[in-house]
Every structure is written in structure tokens, then in C-alpha cells.
Amino acid sequence: MASSIARSILTRRLHVSARRHALSKFTMPAMSPTMTEGGIASWKKKEGDTFAAGDVILEIETDKATIDVEAPDDGILAKIIAQDGAKNIAVGATIGIVGEEGDDISGADKLAAEAADKPPAELKTRAETEAEPPKAESAPEPAAPPPPKAETKPELPKGERIFASPIAKKIALERGIPLSKVKGSGPEGRILREDVEKYKPSGEAATSFPPTSTAPLPDYVDIPVTNMRRIIGSRLTQSKQEVPHYYLTVDINMEKVQKLREVFNKTLGEKDKSAKLSVNDFVLKAVACALADVPEANSAWLGEVIRQYKKADISVAVATSNGLITPIIKDVGSKGLATISSEGKALATKARDGKLQPAEYQGGTFTVSNLGMFGISQFTAVINPPQSCILAVSATQPVLVPAPEDERGFKVAPIMKVTLSADHRTVDGAVGARWLAAFKGYLENPLTFML
């Protein structure tokens with residue numbers, strides 16, 4: 001799916017070149033409806049290389065996966081603007097110059113320079129547009145007194161928006177240069193690439209932080225923040241700040257699940273030795289059954305409406321080397337344990353390999369995060385908006401519980417703690433409690449899955 005999206009986007013770029021027989025800008029494509037920026041994982045073609053239809057030109061790094069961008073037609077890569085490893089490139093920003101074989105590519109540098117210092121208008125978000133001062137008011141201001149132009153931007157007050165080209169921002173970030181200290185020479189004071197490259201800290205700034213200690217710094221390593229990690233941080237912070245979380249915890253006796261799992265795995269093993277049900281497979285099935293009983297928990301906050309879903313598309317948290325990702329098992333309620341198990345394993349493998357397609361991780365109506373395999377006794381999870389709930393599943397541990405039928409009056413039972421994080425805007429406390437009671441009932445009587 002991602003390849004087809006990229007193919008259609010690139011088709012538009014190259015078809016313009018075909019009609020005009022001229023170079024054209026190749027911009028960062030939107031690989032999904034929610035993508036606002038991405039990174040360049042690697043270019044598969046070098047400057048001057050020709051490509052044929054279907055060739056992979058580059059790999060785009062989104063917040064969730066690395067996706068191939070294929071060429072829909074024959075052409076030539078005249079110029080690469082965004083190099084390998086470039087991050088935080090807005091959708092619509094120019095990342096390269098393409099043309100047709102036989103085009104005069106001598107103008108590629110000029111076209112690239114124009115693109116570097118002139119971000120496309122469509123990149124502006126609604127918030128940026130509102131924050132930008134009206135042109136009618138800003139136009140006469142620089143025109144009135146030309147002489148004090150050098151003093152118009154001594155230092156931006158905190159919170160003031162800084163206008164700079166994408167390449168200027170990138171260089172400033174790499175060199176640790178505060179853009180608020182740089183005077184822009186572009187239109188309306190926009191900071192350009194040469195402004196950042198020519199910037200030199202003032203004598204006062206250079207001496208304002210003299211070394212006061214000769215103690216050696218501890219050893220450390222600065223790890224670059226990937227686009228995926230940055231988006232995860234941004235969204236989780238937003239969730240904790242904007243979503244009114246509350247938490248409900250319950251203990252579940254997993255004795256019957258363990259016995260049933262043992263029987264099922266023995267039967268499955270006779271047919272396929274690699275087939276094996278996990279505790280998480282039972283958890284996912286119980287989640288879907290409980291959502292059918294209490295559909296209010298299978299909902300999303302959309303501002304003006306609360307959307308209640310009819311099927312349980314469950315997002316399963318998977319840890320990868322780049323960060324957390326939540327592939328989705330669709331319509332879990334209609335599937336058996338063996339199907340849930342095989343689909344979950346396949347999606348987890350693709351997630352760790354960075355090969356998930358957008359349709360496999362976008363959406364979802366409820367999330368499950370399981371840290372039981374790490375021996376975690378209890379934890380709380382952060383809701384994945386616009387979903388209303390996420391279930392934190394902990395390890396199953398032996399616990400002494402009352403047992404009137406036992407002559408000792410107690411016994412050891414395998415107990416698993418689960419904590420439901422719910423959005424109070426959509427799921428009231430009583431509703432969350434009813435859902436947990438239903439979930440507990442299914443796991444403590446797993447034969448009800450078959451009814």
C-alpha cells in the first residue's frame with residue numbers, strides 16, 4: 001500500500017517533467033494521512049543515476065516504519081538535497097531534483113538553491129498560519145524606517161516564532177547555534193543558510209559562561225533521536241497532558257488458563273511443532289469478548305462525538321530497537337486462539353524488521369501492553385489517543401489465596417495483575433469497572449471463549 005501511495009505521488013512529480021521536458025522538484029511524500037514529516041533513511045540512487053519504472057529510489061523513515069519509494073516511470077536523479085540520515089523534513093519540502101533522461105541537469109543546483117531557501121506554502125500548519133502576523137500589518141513596518149534595519153531583530157522575546165529556512169534550521173541544530181541570536185537577511189527577517197554559517201557568538205556571549213570547574217565530565221554517549229522516537233515522545237507527552245487518565249487494577253486467577261493452554265499446546269504441537277499459544281493470545285481473546293459485553297470501552301474521543309466501534313481491532317504493543325509500535329490484529333472477536341497467535345507473531349516480526357505497512361499499525365480501537373514476560377508485577381500504561389483504553393498486563397506470579405475447601409484454609413494460585421488506563425471523557429469509572437469484571441470472568445473461565 002505504501003509503495004502504491006509513493007508511486008502515485010512520484011508519478012505526479014515525474015509526469016510534470018515529461019510534459020515540460022524540464023527538471024522538477026521532488027518533495028517529501030506523505031506516506032500516510034497523518035504523516036506531517038519524515039526522514040531520509042537512505043537514497044538508493046546517486047546523483048546522475050538513471051532509474052526505470054519500479055526501481056526503489058529511496059527509503060523514507062516515518063514515525064512508525066521505513067518505507068520504499070518506487071519510481072513509476074523512467075527518469076534521472078539530477079540532485080539530492082536532503083542527504084541520508086536527514087530528519088524532521090516536512091511533508092512537501094523539496095528533497096531532490098528529478099528529470100527525464102536527456103534533460104539538461106546543469107540547472108539542478110540553481111533549482112535546489114531556490115528550494116532550500118523557500119519552503120513551500122503548503123507546509124504551514126494551521127497553527128503556524130494563525131501565529132504568523134498579517135501581511136497587511138507587517139508590510140509597512142520594514143518599509144517605514146529603512147536605516148534601523150540592523151536593530152530590528154536584536155533578540156527575539158521568548159515564545160516568539162522564528163522564521164528560518166529548513167536548511168538553516170538543520171545547520172543551526174547540528175552546530176548548536178541558537179536561532180534567536182541570528183539576524184536574518186531574507187525577506188521579513190527570515191534566517192537563511194548563509195546567516196547561520198556566518199554566525200559568530202559575540203564577545204559577551206563567549207565570555208558569559210567561563211569554565212568554573214576543572215572536574216572531568218562523566219563518560220557519556222549522545223544518541224541521536226530518531227524520527228520514530230521523537231514522535232513517540234511527542235504523542236505520549238500530549239496524551240498525558242490532555243487525556244484525563246484514571247486507573248483500575250484487578251487480580252485474575254490464571255489457573256484454568258494455564259491448564260487449558262497446556263492442553264491446547266500439546267494438541268497443536270502434534271500437528272505443528274512451531275505452533276504454540278501464549279498467555280497473551282488468551283488475553284487478547286478475553287479483551288475482545290469483554291468489549292462485546294461492554295462496548296462503551298471500545299470507543300474513541302473525537303471532540304464533538306464519541307465514536308463507538310462495533311469490532312475489536314486490538315493494537316498490540318511491540319518493542320523494537322527504534323521504539324514502541326502497535327500493530328493491529330483486526331476483528332479479534334471473530335477469530336480463534338490459533339489465528340490470533342499466528343497473526344500476532346507475524347505482525348511482531350514485521351514490526352521488529354521495520355516492514356509494517358501503514359494499514360497494519362494505523363487505527364485500532366483498544367490497546368494491550370504486556371510486560372509479563374519481563375517479570376513485571378504491576379504497571380500502568382499511557383493511553384494511545386484517540387482510543388479510550390489501554391490494558392497493562394503484568395506477570396503471573398504464585399500468591400497465597402483463601403481456600404475454604406482446603407484443610408489448610410489457603411492455597412497457592414497463579415495470579416496476574418492487570419491495570420486498565422481509561423479516558424474519563426468517554427469511559428466512566430463504573431463502565432471501566434464493568435469491563436474489567438467481564439474481562440476477569442472470561443480469563444477465569446476460559447471455556448466461555450468457545451461458547
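A: Strands are DSSP runs of E, at least two residues; helices are runs of H or I, at least four, and both are numbered from the N terminus. This is a predicted model, where local features need pLDDT of at least 70, side-chain atom pairs count only at pLDDT 80 or more, and totals for chains, interfaces and linings use all residues. Residues are numbered from 1 along each chain as its sequence is written, and side-chain values use heavy atoms, with hydrogens and water left out.

Q: How many bridges join β16 to β17, and how do the strands run?
A: Strands of a sheet pair through backbone hydrogen bonds, either parallel or antiparallel. Two strands count as paired if DSSP finds at least two bridges between them. Here β16 (residues 366-370) and β17 (residues 389-402) share four bridges and run parallel. V368 is bridged to L391 of β17. β17 also has twelve bridges to β18 (residues 410-423), and that pair runs antiparallel. There, C389 stands opposite A422 of β18.

Q: What is the strand order of the six-stranded sheet?
A: The order is β9-β18-β17-β16-β12-β15, in an open sheet with mixed pairing. At the edges stand β9 and β15 (328-329); each has a single partner strand, so one side of each lacks a neighbour in the sheet.

Q: Which strands form the open sheet of four?
A: Its order is β1-β8-β6-β3, and the pairing is antiparallel. The edge strands, β1 (24-27) and β3 (50-51), each pair on one side only. Four bridges join β1 to β8 (residues 94-99), and T27 stands opposite T94 of β8.

Q: Now a helix. What span should α14 have?
A: The expected span is 1.5 Å times one less than the number of residues. The 16 residues of α14 (residues 429-444) should therefore span 22 Å, and the end C-alpha atoms are 22 Å apart, which agrees.

Q: Which residues of α14 are buried?
A: Buried means under 20% relative accessible area, with exposed over 50% and partly exposed in between (1.4 Å probe, protein chains only). In α14 they are V431, G432, W435, L436, A438, F439, Y442 and L443. An α-helix has 3.6 residues a turn, so residues three or four places apart point the same way. The buried residues of α14 fall within an arc of 160 degrees seen down the axis, so they line one face of the helix. The arc is taken from the directions from the helix axis to the C-beta atoms. These buried residues pack against β9 (245-253), α10 (255-271), α11, β16, β17 and β18.

Q: Which residues have the most contacts inside the largest nonpolar core?
A: A nonpolar core is a set of buried Ala, Val, Leu, Ile, Met, Phe, Trp, Tyr and Cys residues joined through side-chain atoms within 4.5 Å. The largest has 53 residues, and V287, L391, W435, F439 and L443 have the most contacts inside it. Helix α11 (residues 279-293) gives the most to this core: nine residues. A second, separate core of 21 residues includes M28, I40, I60 and L77.

Q: Where does pLDDT stay under 50 with zero contacts beyond four places in sequence?
A: pLDDT is the predictor's confidence in each residue, from 0 to 100; a contact means heavy atoms within 4.5 Å. The stretch is residues 204-212. Residues 8-21 also stay under 50, but there the model has 26 such contacts. The chain's mean pLDDT is 81, and 81% of its residues reach 70 or more.
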